[in-house]
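User: I am new to this structure and would be grateful for a guided reading of it. Could the discussion proceed by question and answer?

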Amino acid sequence: MVGDREAIKAEMQRQVRQWCGFGCVICGCPLYIYEHMVEYAENPVHERENLTLLCPLHELEKTKGLLSRTDVQAANREPFNRSRGVTDPYGLHFSGGRCEMLLGGNRFLSEGRRLVPMLVNNQEPIAFDFNNDGHLELNASIPDRSGEVALLIVANEIVLATTAWDITFIGTRLTLRHGPGDFQFEASFQVPDRIDITRLDMRYGDTHVWVDPQGLHVRGPGPRTRDLNGTTMAGGFEHAIALDSRILRPPGIHL
Ligand SMILES: [Zn+2]
């Protein structure tokens, strides 16, 4: 009986996610469920070797008998995303004429014009843009500690590097971790027009930018740390926060 099933332990789930490259082993989709390759009814224990990830479509096909156990086991030996180093793209459903970004307790709003809360050493890590049809699009490029792109969003299409220690995408919340309790990025996609970024950890040369429950923080160049929390900025401007003193783009805040 499903109701009597013991839950799969968190660490075992993480190992399955990492093995599978954080997506369906057949198609790479980052929305998935945990699947027992030999059915739980046949072998009622949770074993790492018997667990894999399938997206809702491929899970349904397996349940209906349109996808064989043998094929799932073969895919699990060489998961789709692992061989490519990234997850298959997933399209976020942003739309409408306004947008809003929460960044460490700071609120940024725009109507019809692009919204780029941060300019860090001439780079725009995250932005809301409106395309030629007026359609709202999220764009982001978040580097990991070695400078490689860990998370890339181009025109709402999200792609994740499979080198992470852990990535979870539960409900609307996407979380990337370097290790236990060590956050790279966490955001909730509040469709149709808002993103809440609650964790961030980025380094650009001597500049360290991070978001935690206390707000947005910037350290460097030099030893000084600057903090921002609880601000609201509305208007059609770019680069609300410029983390480079050489660039002045009023009316933003220059940390
Ligand atoms: Zn799939």
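This is a predicted model: local features need pLDDT of at least 70, side-chain atom pairs count only at pLDDT 80 or more; totals for chains, interfaces and linings use all residues.

User: Which geometry does the site of the zinc ion have?

Analyst: The zinc ion is coordinated by Cys-24 (SG), Cys-27 (SG), Cys-55 (SG) and His-58 (ND1), at 2.0 to 2.4 Å. The angles among these four donor atoms are 97 to 117°. Four donors count as tetrahedral if all angles lie between 85 and 135 degrees. The site is therefore classed as tetrahedral.

User: How many residues apart in sequence are the parts that Cys-24 and Cys-55 tie together?

Analyst: Along the chain, the donors of the zinc ion follow the spacing C-x2-C-x27-C-x2-H. Cys-24 belongs to the loop between α1 (10-20) and β1 (33-36), while Cys-55 belongs to the loop between β2 (51-54) and α2 (56-64), so the parts that the pair ties together are separated in sequence by 31 residues.

User: Are Cys-24 and Cys-55 buried or exposed?

Analyst: Buried means under 20% relative accessible area. Both Cys-24 and Cys-55 fall in that class: they are buried.

User: Which residue of β18 is the bridge partner of Phe-108?

Analyst: Strand β4 (residues 98-103) runs antiparallel to strand β5 (residues 106-111), with six bridges joining them, and Met-101 has Phe-108 as its bridge partner in β5. β5 also pairs with strand β18 (residues 232-234), in the parallel sense, over three bridges. In β18, the partner of Phe-108 is Met-233.

User: Which residue in the turn between β4 and β5 has a positive phi?

Analyst: β4 and β5 form a hairpin, with two residues between them. The residue in the turn with a positive phi, of about 55°, is Gly-104.

How values were computed
Residues are numbered from 1 along each chain as its sequence is written. Side-chain values use heavy atoms; hydrogens and water are left out. Donors are N, O and S atoms within 2.8 Å of the metal (3.2 Å for Na, K and Ca); water is not among the atoms, so sites may look incomplete. Four donors count as tetrahedral if all angles lie between 85 and 135 degrees; four count as square planar and six as octahedral if opposite donors are over 155 degrees apart and all others between 65 and 115; anything else is irregular. Helices (H or I, at least four residues) and strands (E, at least two) are DSSP runs, numbered from the N terminus. Buried means under 20% relative accessible area, exposed over 50%, partly exposed in between (1.4 Å probe, protein chains only). Two strands pair if DSSP finds at least two bridges between them.
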